[in-house]
Amino acid sequence: MANSKFRLYSLLDLSISILGMILCAFTIYWLYQGVVFEFLLFLGTLGAVMTVLGTSLFVDLLKFRARLNKRGIYMTH
């Protein structure tokens, strides 16, 4: 895997995670604004799933890169 692909996948994984955190933050903010509870439940759940998924993908990508480096397969551009 090239360094550019690694950076792209890292950016995508972290952006999924950050977007999930933003959804969770908006859910907490909108809870006190009188927005429909079912909508907030949906957004909160979606945000939590996106946060966990993005973080998990990023950690797996780091483990994969470390495993490649251990085998002597270094990433080039």
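The following chat goes over the chain as a whole and then residue S17.

Reader: What kind of model is this, and how are residues numbered?
Author: This is a predicted model, in which local features need pLDDT of at least 70 and side-chain atom pairs count only at pLDDT 80 or more, while totals for chains, interfaces and linings use all residues. Residues are numbered from 1 along each chain as its sequence is written, and side-chain values use heavy atoms, with hydrogens and water left out.

Reader: How many helices and strands does the chain have?
Author: The chain has 2 helices and 0 strands, where helices (H or I, at least four residues) and strands (E, at least two) are DSSP runs numbered from the N terminus.

Reader: And what does the C-alpha trace span?
Author: Along its principal axes, the C-alpha trace of the chain spans about 55 × 20 × 15 Å.

Reader: Switching to S17, where does it lie?
Author: S17 lies in helix α1, which covers residues 3–31.

Reader: Buried or exposed?
Author: S17 counts as buried because its relative accessibility is 4%; buried means under 20% relative accessible area, exposed over 50%, and partly exposed in between, with a 1.4 Å probe and protein chains only. Of the 77 residues of the chain, 22% count as buried.

Reader: Which residues is S17 in contact with, leaving aside its neighbours within four places in sequence?
Author: With those neighbours set aside, S17 is in contact (heavy atoms within 4.5 Å) with M50, T51, G54 and T55.

Reader: Which side chain does S17 make a polar contact with?
Author: The side chain of S17 makes a polar contact with the side chain of T55, at 3.2 Å; such a contact is a pair of N or O atoms within 3.5 Å, and within protein one must be able to donate a hydrogen and the other to accept it, while residues adjacent in sequence count only if both atoms are side-chain atoms.
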